Amino acid sequence: MASSSSAVLHKPLGLLAELTHRCPLGCPYCSNPLALDRREDELDTATWARVFNEAAALGVLQVHLSGGEPGARRDLTEITAAAHAAGLYTNLITSAVGITEKTVAALADSGLDHVQISIQDSEASTADHIAGYDGGFARKRALATEVVRLRLPLTVNAVMHRANIDHLEAMVDLALTLGASRVEIAHVQYYGWALTNRAMLMPTRAQVERAARLVEELRQRHHGRIVIDAVVPDYYARLPKPCVGGWGRRSLNVTPAGKVLPCHAAESITGLEFWNVREHPLADIWTSSPAFNAFRGTAWMKEPCASCARREIDFGGCRCQAFALTGDARAADPVCHLAPEHGRVAELAAVHSDTPYVYRRM
């Protein structure tokens, strides 16, 4: 795949550290790849510590400790301490299953700065059904209570789809009850497991439009109490999002086995070469790896993106989505109303199914 190495090289600001792909939940929209990394292939504590130091030297300011479920790592406290020692702001992204009161207290003592807990719905029965794990909802509430008691900032991540989008107001109310300072209304992104379950997860246009109006009402109602982040789901948008702020511009992702990706779904694009932290320093990967240089800047773009006035704003949209829907990672993101394949997005958004989810499993 052609390189765009002439593009301006920015410093990365954020690192997504996927510590493991192990997770007790089976969320059908999981952003992890279908081919999950095995436990025996995971980076050890010392390697993660080196990665954090190299990331800080590169300019990274914050690290998101994610998975899978990071609580599956027995060395999570040591990993968190290493990130803190490197001078990084540490955010734990967790399902709350596997993180005990004792664990979160130890994490706080090790320098943890922030916690993000995912919720699947506002009611226990439906939340546990969506997650494919009985009792998960109760554990989330319990951990959120402990996080707030420890005075750690809490964000609630509410992943929205057809089964729960009509409960949006109740989910925001739940975030307030839990003591969260922020709630993310995160519409499902259709990669990985979500792509497999797209017809089961896709909301209707009427649901999306009602939700958008409600978000604005809730922002006004709860102004000063909680921050509500939300974006229009891709398949119902008119313009594409600047995915991860532009390919290879501001963030990078390290998989459990050490591959370094420009975004969490980048492995879905066939033909890209990903370098590994076991074999290359992070700075070399950021500046020189073929995958990071593949779609930097604008030189790689085809029409209509190449001559579009928004090419330095949205950078052609999401490369993974373009590849998933057109088979060409250099194509305009079909979400864009100017893209030749835009009509395909509307067709796919209209396909709904009530068949059971394909749950994410190792």
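Predicted model: local features only at pLDDT ≥ 70, side-chain atom pairs only at ≥ 80, totals over all residues.
**Entry 1: cysteines**

I looked for disulfides and found 0 in the structure; I counted a disulfide as a pair of cysteine sulfur atoms within 2.5 Å. Cys243 is in no disulfide, and its nearest cysteine sulfur, that of Cys318, is 3.9 Å away. Cys243 is buried, at a relative accessible area of 16%. For these labels, buried means under 20% relative accessible area, exposed means over 50%, and partly exposed is what lies in between, with a 1.4 Å probe and protein chains only.

Residues are numbered from 1 along each chain as its sequence is written, and side-chain values use heavy atoms, with hydrogens and water left out.

**Entry 2: α1 against α2**

Next I turned to helix pairs. Helices (H or I, at least four residues) and strands (E, at least two) are DSSP runs, numbered from the N terminus. Helix α1 covers residues 45-58 and helix α2 residues 76-85; their axes come within 9 Å and cross at roughly 20 degrees. The axes are lines fitted to C-alpha atoms, for helices over the stretch in contact, and the angles run from 0 to 180 degrees between N-to-C directions.

α1 and α2 are therefore roughly parallel to each other. I used these classes: under 35 degrees is roughly parallel, over 145 roughly antiparallel, 65 to 115 roughly perpendicular, and the rest oblique.

Which residues make the contact? On α1 they are Thr45, Trp48, Ala49 and Phe52, and on α2 they are Glu78, Ile79, Ala82 and Ala83. Contact here means heavy atoms within 4.5 Å. By class I get 6 nonpolar, 1 polar and 1 charged. Ala, Val, Leu, Ile, Met, Phe, Trp, Tyr, Cys and Pro count as nonpolar, Asp, Glu, Lys and Arg as charged, and the others, Gly among them, as polar.

**Entry 3: α6 and its partners**

I then followed helix α6 (residues 168-178). The axes of α6 and helix α5 (residues 136-149) come within 9 Å and cross at roughly 40 degrees. That makes α5 oblique to α6. Phe137, Arg141, Ala144 and Val148 of α5 touch Leu174, Thr177 and Leu178 of α6. This contact divides into 5 nonpolar, 1 polar and 1 charged residue.

Helix α9 (residues 205-221) also meets α6: the axes come within 10 Å and cross at roughly 30 degrees. α6 and α9 are therefore roughly parallel, and α6 passes α9 in a right-handed crossing. From α6 I noted Leu168, Glu169 and Val172, and from α9 Ala211, Leu214, Val215, Leu218 and Arg221. The contact of α6 with α9 has 6 nonpolar, no polar and 2 charged residues.

Is Arg162 buried or exposed? Arg162 is buried, with a relative accessible area of 16%. I found it in the loop between β5 (154-160) and α6. Leaving aside neighbours within four places in sequence, Arg162 contacts residues including Met200, Gln207, His352 and Asp354.

Ala105 sits in helix α3 (residues 101-109) and is partly exposed, at 24% relative accessible area. Ala105 and Thr77 are 28 residues apart in sequence, and their C-alpha atoms are 9.8 Å apart in space.

The peptide bond from Gly67 to Gly68 is cis, with omega near 10 degrees, and Gly68 lies in the loop between β2 (62-66) and α2. Glu303 and Pro304 are also joined by a cis peptide bond, with omega about 10 degrees. Pro304 belongs to the loop between α11 (290-293) and α12 (319-326).

Ala96 is not a glycine, yet has a positive phi of about 80 degrees. Ala96 lies in the loop between β3 (89-94) and α3 and is buried, at 2% relative accessible area. Arg151, not a glycine either, has a positive phi of about 60 degrees. Arg151 is in the loop between α5 and β5, and at 79% relative accessibility it counts as exposed.

Methods. Left-handed = near helix turned anticlockwise from the far one by under 90°.
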